[in-house]
Amino acid sequence: MTTASRLLAALAATTVAFLLQVTVAPHVAWDGVVPGLVLLVVVGAALATDARFATLLGFGAGLLLDVAPPADHAAGRWALALLVVGYVVGRLGHDHQPMPAGPWDVEQVRRLRRPPLHVVLAAALGGSFLGTSVFALTGLPLGETAGIGTMLDVVGRGMMVDGVAGLVVVPVTVWAMTRTRGSQRAPSRDPWRPSGRAVVS
């Protein structure tokens, strides 16, 4: 996928996730905690691309959450939180399986498009914990977070709803970010194998 098409896919996924998060998600909120669909798009992009791209996407997506209605908090809190999510998930997701610099073959693209369930779930839960925690902690000095007890309650419930939503949002985002790689030549490494050893097919 070219940089331009990857950027377009990221912008489209972020926009759709944002619209769903502010219009549909409030109707399925759990005591005021809505699924972090934009956060989960950043997590999916981190798995499908690299830490640098995911960090920049996280900052931009977080800034959108900060300034677009119905934002009721200090600008910059979500931008910082999602920036951290993109960087950490991108690094952890690819430190042991670096993304090949060259073009990919059909089989490797297929594997990348379908990350294992445990990878999707771990990334969604970890990203949710990290993003919600950073957002809540930055609200403490500003008086926008009620207290440690409330913060822990929100983080816990946020992880549960994001874990469920992540089973759909993360794979869809990964697919969207990798959809044009099928026409390219392939390297011989399994993208989800920690050892990065060659796969014999």
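Trainee: In which helix is the place of W78?
Mentor: W78 belongs to helix α4. Please keep in mind from the start that this is a predicted model.

Trainee: Is W78 buried or exposed?
Mentor: W78 is buried, because its relative accessible area is 18% and the cut-off for buried is under 20%.

Trainee: Which residues does W78 touch, if those up to four places away in sequence are not counted?
Mentor: With those set aside, W78 touches L39, G62, L65, D66, H73, G131 and F135.

Trainee: And how far apart in space are W78 and A136?
Mentor: Their C-alpha atoms are 9.5 Å apart, although W78 and A136 are separated by 58 residues in sequence.

Trainee: Let us step back to the whole chain. How many helices and strands does it have?
Mentor: The chain has 7 helices and 0 strands. Along the sequence, the pattern reads α-α-α-α-α-α-α.

Trainee: What percentage of the residues are buried?
Mentor: Of the 201 residues in the chain, 46% are buried. As for the surface, the chain exposes about 10000 Å², and carbon and sulfur atoms supply 68% of that area.

Trainee: What share of the contacts join residues at least 24 apart?
Mentor: The share is 78%, counted among contacts between residues at least 6 apart in sequence.

Trainee: How many residues line the largest pocket, and which lie nearest its centre?
Mentor: There are 29 lining residues, and G32, V34, D72, W78 and F135 are the ones nearest the centre.

Trainee: On to charges. How many salt bridges are there?
Mentor: The count is 2 salt bridges. One of them joins D50 and R6, whose closest N and O atoms are 3.7 Å apart.

Trainee: Where do D50 and R6 lie?
Mentor: D50 is in the loop between α2 (37-48) and α3 (51-67), while R6 is in helix α1, so the pair ties together parts that are 44 residues apart in sequence.

Trainee: Are these two partners buried or exposed?
Mentor: They fall into separate classes. D50 is partly exposed, with a relative accessible area of 27%, whereas R6 counts as buried at 17%.

Trainee: What about D153, which residue is its salt bridge partner?
Mentor: D153 forms a salt bridge with R157, and their closest N and O atoms are 2.6 Å apart. D153 and R157 are about one helical turn apart, because they are 4 residues apart in helix α7.

Trainee: How accessible are D153 and R157?
Mentor: D153 is partly exposed, with a relative accessible area of 39%. R157, by contrast, is buried at 10%.

Trainee: Another topic: which residues form the nonpolar patch on the surface?
Mentor: The patch consists of L117, L121, L167, V168 and V172, which together have about 460 Å² of accessible area.

Trainee: Which helices supply the patch?
Mentor: Helices α6 (117-139) and α7 (148-178) each supply at least two of its residues. The largest share, 3 residues, comes from α7; V172 is in that helix.

Trainee: Where is T14 found, and is it buried or exposed?
Mentor: T14 is in helix α1, which spans residues 3-23. With a relative accessible area of 7%, T14 is buried.

Trainee: Which residues is T14 in contact with?
Mentor: Apart from neighbours within four places in sequence, T14 is in contact with V38, V41, L57, A61 and L64.

Trainee: Lastly, what is the phi of D31?
Mentor: D31 has a positive phi of about 50°, although it is not a glycine. Most residues other than glycine have a negative phi. D31 lies in the loop between α1 and α2, and D31 is exposed, with a relative accessible area of 64%.

Notes:
Residues are numbered from 1 along each chain as its sequence is written. This is a predicted model: local features need pLDDT of at least 70, side-chain atom pairs count only at pLDDT 80 or more; totals for chains, interfaces and linings use all residues. Side-chain values use heavy atoms; hydrogens and water are left out. Patches are made of residues with over 30% relative accessible area and no salt bridge: like charges are joined within 9 Å, nonpolar side chains (Val, Leu, Ile, Met, Phe, Trp, Tyr) within 5 Å. Accessible areas come from the Shrake-Rupley method with a 1.4 Å probe; for residues, only the protein chains shown count as cover. A salt bridge is a side-chain nitrogen of Lys or Arg within 4 Å of a carboxyl oxygen of Asp or Glu. Buried means under 20% relative accessible area, exposed over 50%, partly exposed in between (1.4 Å probe, protein chains only). Contact means heavy atoms within 4.5 Å. On a 1 Å grid over the protein atoms alone, a cavity is a set of points where a 1.4 Å probe fits but cannot get out, and a pocket is an open set with protein on both sides within 12 Å along at least five of seven lines; lining residues have an atom within 4 Å of a point.
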